[in-house]
Amino acid sequence: MTVELHGLDEARLVVLAARLAPAVRAGGTIYLHGDLGAGKTTFARALLQALGVGARVKSPTYSLLESYRVDGYDVHHLDLYRIADPGELEWLGLGEIADGTSLVLVEWPERGAGALPAADLELSLVHAGAARDLCARASSSRGEAMLARWDPAAAA
């Protein structure tokens, strides 16, 4: 299952992320693909805030990983932009993070290839002039369920 949305400004991207929050509360792994400035962190931050993260949501560009506890479950946000080799992720304890009940958001997942849990949902953001295009693709039955519960049309 794939969902494609075109011509998104930042405000609509934020609303779309918030609309996805109820669909991902059961956990899973979401990959966020896109060039610098495509909106990956904006989307992740809006999703985390919609899930109820009350703390300031900062980009884990330098720390690699920011973890939050929300309503009794864990949410982990990784930004692998600064990773040169997937072996550098060994110390993060990804096996414990991706326990099946946690939600794991990964920016720049291609830099951690082979060391990351498999994606349930892959979101690709692409510059489209001043706007963005978003393609959401399910990579597992859990991802299919996420997309089936997400209603991006309501974010219009």
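Author: Let's start with Asp-71, which forms a salt bridge with Arg-25, their closest N and O atoms being 3.8 Å apart. The two sit in distant parts of the chain, 46 residues apart: Asp-71 is in the loop between β3 and β4, and Arg-25 is in the loop between α1 and β2. Keep in mind that this is a predicted model.

Reader: Is Asp-71 buried or exposed?
Author: Asp-71 is exposed, at 68% relative accessibility. Arg-25 counts as partly exposed, at 33%.

Reader: How many salt bridges does the structure hold?
Author: Three. One of them joins Asp-74 and Arg-69, at 3.1 Å from N to O. Another is formed by Glu-122 with Arg-137, with the closest N and O atoms 2.7 Å apart. That pair links strand β6, where Glu-122 is, to strand β7, where Arg-137 is, and the two are 15 residues apart.

Reader: And why does Glu-122 count as buried?
Author: Its relative accessible area is 16%, and buried means under 20%.

Reader: Switching topic: at what angle do α1 and α2 cross?
Author: Roughly 45°, with their axes coming within 8 Å. That makes α1 oblique to α2. The crossing is right-handed.

Reader: Which residues meet there?
Author: From α1, they include Leu-13, Leu-16 and Ala-17, and α2 brings Phe-43 and Leu-47, among others. By class, the contact has 10 nonpolar, one polar and one charged residues.

Reader: What does Asp-35 touch?
Author: Leaving out residues up to four places away in sequence, Asp-35 touches Lys-40, Trp-108, Leu-125 and His-127. Asp-35 and His-127 are 92 residues apart in sequence, yet 8.1 Å apart in space, C-alpha to C-alpha.

Methods
Residues are numbered from 1 along each chain as its sequence is written. This is a predicted model: local features need pLDDT of at least 70, side-chain atom pairs count only at pLDDT 80 or more; totals for chains, interfaces and linings use all residues. Side-chain values use heavy atoms; hydrogens and water are left out. Axes are lines fitted to C-alpha atoms, for helices over the stretch in contact, and angles run from 0 to 180 degrees between N-to-C directions. Helices (H or I, at least four residues) and strands (E, at least two) are DSSP runs, numbered from the N terminus. Angles under 35 degrees count as roughly parallel, over 145 as roughly antiparallel, 65 to 115 as roughly perpendicular and the rest as oblique. A crossing is left-handed if the near helix is turned anticlockwise from the far one by less than a right angle, and right-handed if clockwise. Contact means heavy atoms within 4.5 Å. Ala, Val, Leu, Ile, Met, Phe, Trp, Tyr, Cys and Pro count as nonpolar, Asp, Glu, Lys and Arg as charged, and the others, Gly among them, as polar. A salt bridge is a side-chain nitrogen of Lys or Arg within 4 Å of a carboxyl oxygen of Asp or Glu. Buried means under 20% relative accessible area, exposed over 50%, partly exposed in between (1.4 Å probe, protein chains only).
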